Amino acid sequence: MDALVTAFGMVFDPGTVLVMLGASLFGLFVGAVPGLTATMATALLVPVTFFMPPITAIAAIVTATAMAIFSGDIPGCLLRMPGTPASAAYADEAYAMTRKGQAELALGASLVFSAIGGLFGTAVLILSAPALAEFALRFSSFEYFWLVLLGLTCAIVITAERPLKGVVSLLLGLLVACVGLGNPAGFPRFTFGSTELMGGIGMIPMMIGMFAVSEILRYAADTGAKLEVATQPIGNVLRGMWELTKKYPVQILRGSTLGTLVGALPGAGADIAAWMSYAISKKMSKEPEKFGTGHVEGIVESGAANNSALAGAWIPALVFGIPGDSITAIVIGVLYMKNMNPGPTLFTQNPQNIYAVFLLFIIANLIMIPLGFLCIKVAKRILRVPRELLMPVILLFCIVGTFAINNTPFDVGVMLAAGVVAYVLERNGFPIAPAILGVVLGGMLEENFITSMIKSDGQLAGFFARPVAATLGVLTLAAWFLPPVVRRLRPVAGAGAASPTRAGGAVSRRGARRGSVPPGSAGIGDGGRLRLPRLPARMLHRTLAGSRGGNSGTFGGPDRPRLCPYMRGACCASGAMPGRVRRPPCAASSPSVTGRCTAGSPRTRGASRRSRRAGRRLPAGRWRCACRSRTSRRRARCSRAARSAGAHRT
Amino acid sequence: MKFNDAVFGAILVVLGLAVIAHVQAFPRIPGQQVGPALFPGLVALGLAVCGAILIVYGLRHRSAQPWFVAGEWTRSTRHVVAFVAVIGAIAVYILLADRVGFLIVGPAILFVLFLLFGVRPARAAVVAIVATLVIWYAFYKLLRVPLPWGLLTRYAF
């Protein structure tokens, strides 16, 4: 009880309250500007939190991320451009509502159900974390080794479009974690005589590089056109929310539960949660045909999911020191810096800190409603902030912030290298999340591995000697080896199991991988195979490929089907559009289903060949029209040709 | 900026083998089977194996994956310059900040980037100076980060 009182004192300290307020505004702004993500908000906050007491620092991060995940919905609704990758799942839906004149309802649902989802996730965090911690107190190095390995495996299995690339990413992260003195033997590895490398490669500069600098690089290389802000006035967004709550209680509960679970899985965060719950919402809905036409149900469910995932991600982070998403990966770095090393002992030795974290989550989700309400009022002004001014300033902020951690320009170099490497890797389909986890967990994995090896005298059987360790070990090995085996066996066993009804409309995993299959037939034939939970993972991975840093913010980022220049909206619409799934949404696309606009001029066709290739990897039902060309002249020519071909019927 | 998988594969194989060669020189711990070389060695082995698979995959899909695709933006000079400038700005900061000082390098970097992103010169100059001063005040005065004065050391306050 004393601890709880102390926690209240820490949280309601005037300094902390002020910081929370400031962080909320910062988070709302960062979330609302496309191209700036919640992870980036965290990375940018770190240099500042460096100078704060531990609980204040955590308060800043918790509030900023909660706000950013909500306010990412605002540009999705008004611009059809998700502010953060977590809003990408239903940006089309929200924009469709805006076009129907229901912007208020969409924004209100985003706001209210974000808060409810966040509170649900917090409740789960409060209930489960201490119990898990008590259980984890009995863990030895064997259990920890398997737990970390299982977490890393999850990150690959869930987020990687091609698991091999996820493995490469992870190994690179682990290799980076090997640098320096911080290994069980205390031997300086890969330092090449540099004193700066002795302490290892700084995690925070690396994160700032990977999530902020790479985003700026993406902006610099972005050739997309500017989008117009919807101009209709927005009134009271809270009207009608109680009716929605009464109408969709199951959806809210389902979205929040799924979000929390996905958040708690290492490597999968709010963005995956949103995609999955949007897909499930559609599948389970009584009126799935309304999805994609501006129907609020999916927004209610996935809006709750992405905010609950935020809190869910803190469960493994606090209890085991294994981050549930990229935000908590940074948080873990901050916790170590603040001497609040995550792990079960955090719960027994300093319970007031844990209570304070719980309180922070509750407060953050409660103040989200009034602050979010205000943010929506000024949203249009935020969306007009010129990004050409914002990006260079953020770059300078990154440089100074990175420098501030250790006061050394070396860290700035690390940031630059990490940013460029992250950009190149991500462009080539290597997911960033496993690399981050590798860096964060590398030390822990090695330490537990070496300790276990020494304890068991080099006998691998020792890794399975304790019951919990054996269970975790078998689970991990199953996660590694089952999917390929199942894939081999399935064609024989599952050939007859295909059920068109189940497959219809739903985007299947295999369909998702080959965009070259007509969307209508995509599901058929593999309906009996991997169904829902797997599929969104594939489909979204593009959104997150980036890093969960996601580039969905940048115009026409690689994760988002490029908008067809002359038919924005109707064309290339989300696969979720019922009735549209069965035919190429853009009538201008060739029916040969390559997703290519046949109207392109010969010069643009060269480009379309390439984008078509890239287009194959787009999820089924999401079409990219490749006739986008760089100059408006060409674009005009393209669209003229298309019009004259009479191609643009909707 | 897309490369064929085999390109990455080759890089990874080389990296993996180099690390394996490098860790051979790490000391062994007497009486123990595991030393500092074990973990990085295993990771490097994994990288080399993954690299090899990527090479095979890349070569097999040679027709679908050219060695290098530059991407649409590389054909627009403005975007290439902007991209290089972002990297260059950080490099310039690392090289010059200590000698020239934050209050000179900061606005210079911002001004150039603003211009390259298409901001009008007058506006760019004003925002560059104001933004630098705000960041400088926040970090130097409030957070006490020793941002370098460089040429302005004499006027430091």
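Is A:E301 buried or exposed, and what is its relative accessible area? A:E301 is buried, at a relative accessible area of 1%; buried means under 20% relative accessible area, exposed over 50%, and partly exposed in between (1.4 Å probe, protein chains only).

The model is predicted, so local features need pLDDT of at least 70 and side-chain atom pairs count only at pLDDT 80 or more, while totals for chains, interfaces and linings use all residues. Residues are numbered from 1 along each chain as its sequence is written, chains are lettered from A and ligands numbered from 1 in the order in which they are written, and side-chain values use heavy atoms, with hydrogens and water left out.

**View 1. Salt bridge of A:E301 and A:R254.** The two side chains meet at 3.0 Å, N to O (a salt bridge is a side-chain nitrogen of Lys or Arg within 4 Å of a carboxyl oxygen of Asp or Glu). A:E301 belongs to helix α15 (residues 296-320) and A:R254 to helix α13 (residues 249-264), and the pair, 47 residues apart, links distant parts of chain A. Helices are DSSP runs (H or I, at least four residues), as are strands (E, at least two), numbered from the N terminus. A:R254 is partly exposed, at 24% relative accessibility.

**View 2. Salt bridge of A:K290 and A:E287.** The N to O distance is 3.1 Å. A:K290 is partly exposed, with a relative accessible area of 35%.

**View 3. Salt-bridge network in chain A.** A:E215, A:R218 and A:E426 are linked in this network. Over all chains, the whole structure holds 8 salt bridges.

**View 4. Salt bridge between B:D5 and A:K165.** The closest N and O atoms are 2.9 Å apart. B:D5 lies in helix α1 of chain B and A:K165 in helix α9 (residues 163-178) of chain A, so the pair joins two chains. Both B:D5 and A:K165 are buried. Across the interface of chain B and chain A, 1 salt bridge is found.

**View 5. Interface of chain B and chain A.** The contact (heavy atoms within 4.5 Å) takes 66 residues from chain B and 71 residues from chain A. The two chains bury about 6,000 Å² between them, 79% of it on carbon and sulfur atoms; buried area is the accessible area (1.4 Å probe) that two parts lose on being put together, summed over both. B:F39, B:E72 and B:I90 supply 11% of the area that chain B buries against chain A, more than any other three residues.
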